[in-house]
Amino acid sequence: MTLDSPSMPKRRQSPLVQRALLLLRQGKLSEAQGALESAIADDPADPEAMNGLGILSVLRHDRERALFWFHQAIRVAPGHPEILNNLIDVLLERSLAATKD
């Protein structure tokens with residue numbers, strides 16, 4: 001899972017999403033959540049904000065919530081490589097966890 005990949009082609013990452021990703025890198029999860037929620041409020045179809053909420057959920061060990069956000073992002077931006085990678089990572093983690101139980 002990466003926080004440094006470029007924004008989608010033809011779509012500029014919003015300043016709120018950029019700020020949120022910086023906050024995530026700094027470990028300021030609550031502040032990042034606020035910025036991402038504001039980005040979603042400004043643009044409910046922002047796949048970068050949805051992806052950020054997915055990453056935030058992973059960092060909080062909430063795999064099911066992460067899957068929700070990555071699925072939402074893929075619906076808006078099918079084929080986005082970073083989002084697809086994040087979704088696959090979480091699905092693999094869930095699968096591996098299930099085989100350990």
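1. Overall layout. From the N terminus on, the elements of the protein run α-α-α-α-α. There are 5 helices and 0 strands. Helices (H or I, at least four residues) and strands (E, at least two) are DSSP runs, numbered from the N terminus. Buried residues make up 40% of the 101 residues. Buried means under 20% relative accessible area, exposed over 50%, and partly exposed in between, with a 1.4 Å probe and protein chains only.

2. What kind of model this is. The model is predicted: local features need pLDDT of at least 70, side-chain atom pairs count only at pLDDT 80 or more, and totals for chains, interfaces and linings use all residues. Residues are numbered from 1 along each chain as its sequence is written, and side-chain values use heavy atoms, with hydrogens and water left out.

3. Confidence. pLDDT is the predictor's confidence in each residue, from 0 to 100. The protein averages a pLDDT of 91, and 88% of the residues score at least 70. Among the elements, H2 has the highest mean pLDDT (98) and H5 the lowest (93).

4. Contacts along the chain. Contact means heavy atoms within 4.5 Å. Take the contacts with a separation of 6 or more: residues 24 or more positions apart account for 53% of them.

5. Helix H1. This helix covers residues 15–25. Its buried residues are Val17, Ala20, Leu21, Leu23 and Leu24. Seen down the axis of H1, they fall within an arc of 160°, so they line one face of the helix. The arc is that of the directions from the helix axis to the C-beta atoms. Just after H1, Gly27 takes a positive phi of about 80°.

6. Helix H3. Is H3 mostly covered or mostly open? Mostly covered: 11 of its 13 residues are buried. Among them are Pro47, Met50, Asn51, Gly52 and Leu53. The buried residues of H3 pack against H1, H2, helix H4 (63–76) and helix H5 (81–100). H3 reaches 18 Å from its first C-alpha to its last, close to the 18 Å expected at 1.5 Å a residue. The expected span is 1.5 Å times one less than the number of residues.

7. The start of H3. Asp46 caps the N-terminal end of H3. One of its side-chain oxygens lies 2.9 Å from the backbone nitrogen of Glu48. Glu48 itself lies in H3. At 4% relative accessibility, Glu48 counts as buried. A polar contact of 3.4 Å joins the side chains of Glu48 and Gln13. A polar contact is a pair of N or O atoms within 3.5 Å; within protein, one must be able to donate a hydrogen and the other to accept it, and residues adjacent in sequence count only if both atoms are side-chain atoms.

8. Ala49. This residue also lies in H3. Ala49 is buried, with a relative accessible area of 0%. Which residues does Ala49 touch, not counting residues up to four places away in sequence? They are Val17, Leu36, Ala39 and Ile40. Ala49 and Val17 are 32 residues apart along the chain, yet their C-alpha atoms are separated by 5.8 Å.

9. His61 is found in the loop between H3 and H4. His61 has a positive phi of about 60° although it is not a glycine. Most residues other than glycine have a negative phi. His61 is exposed, with a relative accessible area of 75%.

10. The core. A nonpolar core is a set of buried Ala, Val, Leu, Ile, Met, Phe, Trp, Tyr and Cys residues joined through side-chain atoms within 4.5 Å. The largest one has 24 residues. Those with the most contacts inside it are Leu24, Ile40, Ala49, Leu53 and Phe70. H1, H2, H3, H4 and H5 each give two or more residues to this core. The largest share, 6 residues, comes from H4.

11. Helix H5. At 1.5 Å a residue, the 20 residues of H5 should span 28 Å; its end C-alpha atoms are 29 Å apart, which agrees. Its buried residues are Glu82, Ile83, Asn86, Leu87 and Val90. They cover an arc of only 140° around the axis, which puts them on the same side of H5. What covers them includes H3 and H4. The face turned away from the buried side carries the exposed residues Pro81, Leu96 and Thr99.
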